[in-house]
Amino acid sequence: MTVVIAGGGDIAYLLASSLARDEDVFVVVPTEMDRGRFENLDLQITVGPAASRTTLNHVGLSDGDTFIACADSDERNIIACLAARGRSKATTYCFISQDEHHESFNDPEQTTLEEVIDHLIWPQWSLAREIARIVLEPRALDVENFHRGRIWLMEYRLPADSPLCGPTLAAAPLPGNTLVVSRVRNGELIIPRGQDRLEAGDKVLFMGRRTALRQVAKQFFAAPETVVRSVTIIGAGRTGRLLAQELTRGLWPEVRIIEVSRRRCEDIAGQVGRAIVFCGDGTDLKVLEEVGVARSDALVAMAGDDQTNLLCSLIAKQLGIPKVVTGVSQDTSSALFERVGIDVTLNARAAAIAEVLHQIQAPRLEYRATLEDGRAEVVEVAVPPDFETTRLREMDMPTGVIVGAVLRQYNTIVPGGDDDVRPGDRLLVVATPEGAETVGPAFGLTPDDR
């Protein structure tokens, strides 16, 4: 299989550098100036418009190949994917950033892009939805849910006086229908086993039913039962606006947006639901005091650049805001922000790239979510019909892999060692990137299984 990447920017480079180690990669860059950054990689490069017949003939795109359009222009990406599909049955990935293109992709009243583009990737929208889930769960550092809420993931940082510190996980006083599926300590993530122990300061990821995880939050992390009532968003760029729309779908929370650009404030006034827009500098203490930011239950810093986001976040921590979520654009920023006490850092580009890489590199598994900046992921496995029913404790489970949930028809099981895996089950598996490569064979999947 050949992977053709159309684009000369950061996304194209990060995809190319990850894929070139194991795949045949052909990069199509728009100008000669873009060629240089790719020349240190083991791949082929051509210069020209990705949608042209000459370019596609040169790269030799054919059925079974993968075509990724990730230029800075939505229109160029869409046209490039249409041209690629007009030539072959290659699997297409199209990066977008504009609302109207997402709406066209999902419009039931017309022939949609979905019929010719296999995967539409909108990083800002995915990030906004992820932030909304995190913000609305008090004290949680990460939140995901699967199969329409049948199973949830929630991450917390373990306090020093927690009763979960000390005993092995097998003996930990956790409520039923919950499971510890990962922990991060000093920047290192592991998938734990029953004999492992947790320590103060660990970031611990729990999987289970939502009612059980709410009990975990209340019992071990002093999470209040009340709803999150007030959220402040610093920055009204595309992600900030989408986040405001997402948060204002229900009755709560009250949402304030602080944006330094008066023109942008005027442009978005009718696009952010019932959110209130304030024009001002999110790093100005006088502005923050006038807006009443200190009364917020959560603050989201999406001001544009990492330095401004960091300053906004540190001010929010000094004001005593319980939860601070910060957007980062540089891959190295997340670890630094966490070291200075920022609760949650999120990178839209990194999450989108991880999603594409997983779908290309592990086609036998269904990608569900990326965790901890790609250090772990959630995949779904369909157990084949010829699999022999086996108890989990009797399986030779690979290192870096844990079964977090078993979906069996209408039943949802958060498994222990005595639970079994049966033919036809669907498993939600948490794995490290290395462990994910062993998941398929562990459950009897062959390279031809899908």
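Predicted model: local features only at pLDDT ≥ 70, side-chain atom pairs only at ≥ 80, totals over all residues.
Trainee: How many helices and strands are in the protein chain?
Mentor: Helices (H or I, at least four residues) and strands (E, at least two) are DSSP runs, numbered from the N terminus. In the protein chain there are 13 helices and 24 strands.

Trainee: What is the radius of gyration of the protein chain?
Mentor: The radius is taken over C-alpha atoms, and the globule rule is 2.2 Å times the number of residues to the power 0.38. For 450 residues that rule gives 22 Å, and the chain's value is close to it, so the chain is as compact as a globular protein of that length. The C-alpha trace spans about 65 × 65 × 45 Å along its principal axes. The radius of gyration is 23 Å.

Trainee: Which percentage of the residues of the protein chain count as buried?
Mentor: Buried means under 20% relative accessible area, exposed over 50%, and partly exposed in between (1.4 Å probe, protein chains only). Of the 450 residues, the buried share is 52%.

Trainee: Among contacts between residues at least 6 apart in sequence, what percentage join residues at least 24 apart?
Mentor: A contact means heavy atoms within 4.5 Å. With that cut-off, the share joining residues at least 24 apart is 63%.

Trainee: How many disulfides does a search of the whole structure find?
Mentor: A disulfide is a pair of cysteine sulfur atoms within 2.5 Å. For Cys265, the closest cysteine sulfur is in Cys279 at 3.9 Å, too far for a bond. Cys265 counts as buried because its relative accessibility is 9%, and Cys165 counts as partly exposed at 22%. The number of disulfides found is 0.

Trainee: Is Arg21 buried or exposed?
Mentor: Arg21 lies in the loop between helix H1 (10-19) and strand S2 (24-29). Its C-alpha atom is separated by 47 Å from that of Ala269, 248 residues away along the chain. With a relative accessible area of 65%, Arg21 is exposed.

Trainee: How many of the 10 residues of H1 are buried?
Mentor: The buried residues are Ile11, Ala12, Leu15, Ala16, Ser17, Ser18 and Leu19. Their cover includes strand S1 (2-6), S2, strand S4 (66-69), strand S5 (91-95) and helix H12 (348-361). H1 is largely enclosed by the rest of the structure, because its buried residues number 7.

Trainee: Which residues is Glu137 in contact with, leaving aside its neighbours within four places in sequence?
Mentor: Glu137 sits in the loop between helix H5 (123-135) and strand S7 (142-146). Its relative accessible area is 4%, so Glu137 is buried. The residues in contact with Glu137 are Val143, Met154, Arg210, Arg214 and Lys323.

Trainee: What is the phi of Arg139 near?
Mentor: Most residues other than glycine have a negative phi, and most peptide bonds are trans. Arg139 is in the loop between H5 and S7, and at 43% relative accessibility this residue counts as partly exposed. Its phi is positive, near 75 degrees.

Trainee: Where is Asn177 found?
Mentor: Asn177 also has a positive phi, near 65 degrees. Its relative accessible area is 36%, so Asn177 is partly exposed. Asn177 is found in the loop between strand S8 (151-157) and strand S9 (178-185).

Trainee: What is the omega of the peptide bond from Trp252 to Pro253 near?
Mentor: Pro253 has its place in the loop between helix H7 (238-247) and strand S13 (254-259). The bond from Trp252 to Pro253 is cis, with omega near 5 degrees.

Trainee: Which residues does Arg274 touch, not counting those up to four places away in sequence?
Mentor: Arg274 is found in the loop between helix H8 (262-268) and strand S14 (276-279). Its relative accessible area is 36%, so Arg274 is partly exposed. Arg274 touches Leu247, Thr248, Gly250, Leu251, Trp252, Pro253 and Glu254.

Note on methods: Residues numbered from 1 in each chain as written. Heavy atoms only, no water.
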